[in-house]
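Please read the following points with the sequence and the structure open beside you.

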Amino acid sequence: MSERTAPRTAPLRARAEIDLAALRANVRALRAHAPGAALMAVVKSEAYGHGAVPCARAAVAAGADWLGTATPEEALALRAAGLPGRVMCWLWTPGGPWREAIEADVDVSVSGMWALAEVTEAARRADRPARVQLKADTGLGRGGCQPGEDWAELVREALRAEAEGLLRITGLWSHFACADEPGHPSIAAQLGRFREMVAYAEERGARPEVRHIANSPATLTLPESHFDLVRTGIATYGISPSPELGTPADFGLRPVMTLSASLALVKHVPGGHGVSYGHRYVTPGATTLGLVPLGYADGIPRHASSAGPVLVEGKWRTIAGRVAMDQFVVDLGGDEPAPGAEAVLFGPGDRGEPTAEDWAQAAGTIAYEIVTRIGTRVPRVYVNEEQDG
């Protein structure tokens, strides 16, 4: 991922400004929501598009106890960058870099017997025990071990490997399906099943360092789910996990990313002029058009064609016609900003600009996807890198 450090000396085609002070404040706010638990800042997928290493450093500086990644490669990249402390990864496939993870002191998730066999063999080759967290499928139906005989076998064999000195069971964990829908019956059902599966493992001798199931929405709204550790992903970056739960401000959070671009062209066109592919937009009268040099190759959703909001010179504009690979057009309604004027796609909303949630609504998706999909052609420009106070 391309990175720059503010200040910059020349305008950029586009930039994603990442406010690390906001991220640190979010981590502190999330810790306050779960004061009895440790906090894992999830930095998978390049920290949801914000940049994994700078965001991981900021999160640790603000008090995050753990860092979480999906893939082992992401976890190993954090170690290569010098990130200390506990790091966990959970998305493994056969033949993965188990030994490298063990030697880097990374906690690895195991959901089934094939993974347990591979990690124990890697521990033998590394001549050191693996840090293993057993994942329970409590109802999400994705990763994790099924309750019943499958869980019993996994726990039994993991404890056997632990007795042989091949691994240490450091965690028991699961993941919610509908924590962003308060009152959904699956929430109580999953909590109950998690408690049962944890109790089963502990009754047979497991002594985990952490038990955890709470994601961002559960951290914010379900204190009974906090256990020993909460895992905050999207909330770390100041985005509400669900607009139904509340706005970022309702939870004391601030969006971290501001996406903007420099207008590449401003021109006069007559009424009846088609705009962009397919002429899905035709100017209703004489007007000015602004060319924004961002497109779906940069992660701007094509589904936001004729709907995505942009702030130019203090006014909301709407994408005129289709989003193309590298650019889209806004109808400026006769206004004449200079080429190079700033077009703000989304940010915290302080200046009246749209937010990532506004773009999610325009594209029929969720704000998670809006920030995560911003591509590598857009430099991340980090501001407020120094620790507060």
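How exposed is S45, given its relative accessible area? The points below answer this and then move to other parts of the model, which is a predicted one.

1. **S45.** With a relative accessible area of 37%, S45 counts as partly exposed, because that class lies between the 20% limit for buried and the 50% limit for exposed. S45 is placed in helix α2. Its backbone deserves a look as well: phi of S45 is near 50°, a positive value in a residue other than glycine.

2. **K44.** Helix α2 covers residues 44-49, and K44 belongs to it. An unreviewed UniProt entry annotates K44 as "modified residue: N6-(pyridoxal phosphate)lysine". This annotation comes from the record, and such annotations may be inferred rather than shown by experiment. In the model, K44 has a relative accessibility of 27% and is therefore classed as partly exposed. When neighbours within four places in sequence are left aside, K44 is in contact with G68, T69, A70, E74 and W90.

3. **M40.** Strand β3, which runs over residues 38-42, contains M40. This methionine is buried, its relative accessible area being 0%. The residues that M40 touches, not counting those up to four places away in sequence, include W66, L67, G68, M88 and W90. They also include L229, V230, R231 and T232. A further pair shows how the chain folds back: M40 and D65 are 25 residues apart along the chain, and their C-alpha atoms are separated by 5.9 Å.

4. **The buried face of α6.** The buried residues in α6 are A115, L116, V119, T120, A122, A123 and A126. Viewed down the axis of α6, they fall within an arc of 160°, so they line one face of the helix. After α6 comes D127, whose phi is positive, near 60°.

5. **C89 and C145.** How many disulfides does the structure hold? It holds zero. C89 is in no disulfide, and the nearest cysteine sulfur, in C145, is 18 Å away.

6. **S305.** The loop between β15 (287-292) and β16 (309-312) holds S305. A relative accessible area of 19% makes S305 buried, because the class requires a value under 20%. A polar atom of the S305 side chain lies 2.7 Å from the backbone oxygen of R302. Apart from its neighbours within four places in sequence, S305 is in contact with I319, G321, R322 and V323.

7. Is R317 buried or exposed? R317 lies in strand β17, residues 315-318, and at 5% relative accessibility it counts as buried. A polar atom of its side chain is 3.0 Å from the backbone oxygen of V312. Not counting residues up to four places away in sequence, R317 touches G308, P309, V310, V312, V330, D331, L332 and D335. E313, by contrast, sits in the loop between β16 and β17 and is exposed, with a relative accessible area of 52%. Although E313 is not a glycine, it has a positive phi of about 50°.

Methods
Residues are numbered from 1 along each chain as its sequence is written. This is a predicted model: local features need pLDDT of at least 70, side-chain atom pairs count only at pLDDT 80 or more; totals for chains, interfaces and linings use all residues. Side-chain values use heavy atoms; hydrogens and water are left out. Helices (H or I, at least four residues) and strands (E, at least two) are DSSP runs, numbered from the N terminus. Buried means under 20% relative accessible area, exposed over 50%, partly exposed in between (1.4 Å probe, protein chains only). Contact means heavy atoms within 4.5 Å. The arc is that of the directions from the helix axis to the C-beta atoms. A polar contact is a pair of N or O atoms within 3.5 Å; within protein, one must be able to donate a hydrogen and the other to accept it, and residues adjacent in sequence count only if both atoms are side-chain atoms. A disulfide is a pair of cysteine sulfur atoms within 2.5 Å.
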